[in-house]
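Let's take a walk through this structure together, stopping at a few places where the geometry has something to tell us. Keep the viewer open as you read.

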Amino acid sequence: MQKSKPHYFLLSKTVFLFLGLFFYSFNFSAAQTNIDLSESVIVIPSKMESLEQKAVSVLQEEIQKRTGILLETSKVWPKKARPVIAIGLETQIQDFAGSFTRPGQKEKPGKEGFQLFLKASPSPVIVVSGHDPRGVFYGVGKLLRELTLKSGSIAIPENLDIVSTPRYRIRGHQLGYRPKTNAYDAWDAAQFDQYIRELAIFGANSIEIMPPRTDDDRTSPHMKRPAMEMIIKQAEIADSYGMDVWMWYPNMGSDYSHADSIAKELQERDKVFKKIKHISAVLVPGGDPGDLHPDILFAWLEKMAGVLQKYHPNAKIWVSPQAFRPTKEWLDAFYKNVNRHYPWFGGVVFGPWIKTPLPEMRKIVDADIPIRRYPDITHSISCQYPVKDWDLAFAMTLGRECYNPRPVAERAIHNALDEFADGSLSYSEGINDDVNKFVWSSLDWDPDMPVIEILREYSRFFVHPDFSEDIARGLISLERNWQGPLLCNTSVDVTLRQWQDMEKSAPPRVKQNYRFQMGLLRAYYDAYVRARLINETALETEAREALRRAPELGSGKSINMAESILRQKEKKPVAQSYKQKCWQIADFLFQAIGSQTSVNKYQAQDGRGNFMDYIDVPLNDAVWLLSQFKTIRDLTSEGERLAAIEQLINRTDPGPGGFYDNPGISVETPRLGSYPDWKDDPGSLKSPRVSFGVGLRGEEWVHTVQAKGFDGSPTPLAWMNQVTTLYDTPLNLIYTNLDPQSEYILKVAYTGRFRSQIQLTANDTFQIHKMMKTGTTPIWEFPIPKDATRNGKLKLTWICGEGERGTQVAEVWLMKKRKERKRGNGE
């Protein structure tokens, strides 16, 4: 499938090109002349379908909320000159709008598309002409996004002239009503109605709901209704906006081959499907949760389809090859079943934890079988599209599920793979990814839309037109906060000042807006974490200097000094006003939208958006150092204590002529071999990524990044991030300019949550260690054959066994054997 040409056509191409040159320097909307529509009447056809009527109601209601003006409707053209907004199907608009339409226009919208244009004289007339009822609604949605709505005022740019058709046919988001989400479970029906409406205004045509039984508890303290009642209501709301209703339905049973177990599972689905007004499609993941062999899976789905289509005859079942540890046999069986073209089968879904890259999947799957993307836009680490080279300080504090506007990255992720699928329905766990949802909806409509324009529409419609440019830039600045090492990222403080300036000048409408407050909280939080990181890094440096004086001062005194320095973090905390502000905003957001950012305070689930609980987690090696001090004090002799201190402060020293690397800091390290660029492989299925977390024995999944691992004892921070390759993608580290006469020892730290079976070879020839299980002991040492470094070069290659999740390496020392330590250095 090839990308078609863009579907937005501004008729004045010269103006468009000129503005494109200055898009990122000037406020596009501010430079235009606006037409006053405050005295408008909405003219509609005598007959309208329910969705078209809904579009008119939405236009009236959303304008009234922001301006206090309720526009009247009429089925006849006004006799006196006054502004008119004419809304209808393209087959009807000529009948009642007459000379204000363009029957001969060459460029016409396609399915779900619309025309939206303004004729300014003799009196302003705006025409919203939809190709079909959905097109009418989306045309009204685009009009709302273009309007400047203030108290007592409605205005529109005078050069409004758009013909638009969505590029992709699937455009939507998952809104699961379950405890695991960080806000949705606290919402009532009215909040879901408003949010689903807003998604539709930005072009979404699908919503994905969940059944009452998933990999989660059945209820939470926040739920306003039982799960089944709210699920029924969600479907009704989506249907009222003309949207498709999908259901994510994992296989939670223990046996899908025994007749009694199958009957029980079918009975449950019968009850669920019967109660829901309309279901367009059901997504059943191949795993995560519900691992089944594909032959068993597809046999079960055929039975499930019979129940589904009893109540929803046109509904199809879609399947994803999600599996944590897929083998070649598993994947071959999956795609063999896919290409059998079962009559109940809808298509394949590409989502998290799928080994097959999307371009490859498109080649494997028959061309007439559609593919839907299921992008994880809600998580920052341990996910499908993690933040590239995220600083460990952010991973430890903000964690996996924070407020995460990533507009620039999301556009890159979307456009890297959009041509291989029929659109997307995102994976979301709450309100934290709000900006990302509207970015994806906009790009599924038009992948060529610039990020800044999406954010201007978002800010103008949701917050305030006077702040649209500042908030749009502020959201981009928040994303920039996450780029590069936090310690030297001075733009974090600039970002905070930008948001503080907006806060000072903002009217109550802005200050009480939860979307503005989410951005404001992040600005304060990021600045607070950076202030702490600067302070705690300096304290650790000072403490290590005290330890280096141990031979002079004695072990006891130097340890006491170092401990006292490290504990100044608690005695003299920094930037406390920032932290207090974060908690104030968190309180507001919990009350406003049920955003659960703390377990104790707001009854969140740990690791599910509770980033406020980790706002003060230590950002230096203090926890590990203090644990080592206790061990050293217990040693019997001063000589042993001094030796232990020296070993402690020189832990990463590879010795003369040696090399030390912490490759988990960044995939940009020159030590790594040649891999695809991030922009071409944002899901890192063929290239390395940075991962976080040490890994605990017996724990398959740890939601937070903490300085403890294996047996739960404190660990160095360097063990908390790893360079990672997924599945069978090899991990290569390259060394050059080694001493060809020397022999080397490799010391490596294997940490991370995968705990895979991995093997290590040198130069694709020498086995350094055979396949071994990681995740029990962190540090290993292996001799490097002298022949492997005879030419002064060394390539180390790790690869995991079939069916494993991937390879993870935290630290690497390449050390000369001790008798060789006097030889020259390499680079």
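Are Trp330 and Phe334 buried or exposed? Bear in mind that this is a predicted model. In it, Trp330 is buried, and Phe334 is buried too. Both residues belong to helix α9 (residues 328–338), where a spacing of 4 residues puts them about one turn of the helix apart. The structure has 43 aromatic pairs by the rule used here. In the case of Trp330 and Phe334, the ring centres are 5.7 Å apart and the planes meet at 5°, so this pair counts as stacked.

Aromatic rings also gather elsewhere. One aromatic cluster is formed by Tyr177, Tyr184, Trp187, Phe192, Tyr195, Phe202, Phe438, Tyr458, Phe461 and Phe462. Take a look at Phe461 in particular: the charged end of Arg66 sits over its ring, 4.0 Å from the ring centre. You can find another such arrangement at Trp246, whose ring has the charged end of Arg372 over it, 4.8 Å from the centre.

Helix α20 has 12 residues and spans 16 Å from its first C-alpha to its last, close to the 16 Å expected at 1.5 Å a residue. Its buried residues are Ser555, Ser558, Ile559, Ala562, Glu563, Ile565 and Leu566. Viewed down the axis of α20, these buried residues fall within an arc of 160°, so they line one face of the helix. What do the buried residues of α20 pack against? Their partners are α18, α19, α21 (568–571), α24 and α25.

Helix α25 (residues 638–649) has 12 residues and reaches 17 Å from first C-alpha to last, close to the 16 Å expected at 1.5 Å a residue. Buried in α25 are Arg641, Ala644, Ile645, Leu648 and Ile649. They cover an arc of only 125° around the axis, which puts them on the same side of α25. The elements covering these buried residues include α18 (514–548), α19 (550–553), α20 (555–566) and α24 (622–633).

How about the cysteines? The structure holds 0 disulfides. Cys402 is in no disulfide, and the nearest cysteine sulfur, that of Cys383, is 11 Å away. Cys402 is buried, with a relative accessible area of 0%. For Cys582, the closest cysteine sulfur is in Cys402 at 12 Å, which is too far for a bond. Cys582 is buried as well, with a relative accessible area of 0%.

Where does His278 lie? You will find His278 in the loop between α7 (259–275) and β13 (281–285). His278 is partly exposed, with a relative accessible area of 28%. Leaving aside residues up to four places away in sequence, His278 touches Ala235, Asp239, Met243, Val245 and His312. Arg362, by comparison, is 84 residues from His278 in sequence and 29 Å from it in space, C-alpha to C-alpha.

Gln498, for its part, lies in helix α16 (residues 491–505). Gln498 is partly exposed, with a relative accessible area of 31%. Between Gln498 and Val694 there are 36 Å in space, C-alpha to C-alpha, and the two are 196 residues apart in sequence.

How values were computed: Residues are numbered from 1 along each chain as its sequence is written. This is a predicted model: local features need pLDDT of at least 70, side-chain atom pairs count only at pLDDT 80 or more; totals for chains, interfaces and linings use all residues. Side-chain values use heavy atoms; hydrogens and water are left out. Helices (H or I, at least four residues) and strands (E, at least two) are DSSP runs, numbered from the N terminus. The expected span of a helix is 1.5 Å times one less than its number of residues. Buried means under 20% relative accessible area, exposed over 50%, partly exposed in between (1.4 Å probe, protein chains only). The arc is that of the directions from the helix axis to the C-beta atoms. Contact means heavy atoms within 4.5 Å. Rings of Phe, Tyr and Trp (its six-membered ring) pair if their centres lie within 6.5 Å; planes under 30 degrees apart count as stacked, over 60 as edge-to-face and the rest as tilted. A charge sits over a ring if NZ of Lys or CZ of Arg is within 6 Å of the ring centre and within 35 degrees of the ring normal. A disulfide is a pair of cysteine sulfur atoms within 2.5 Å.
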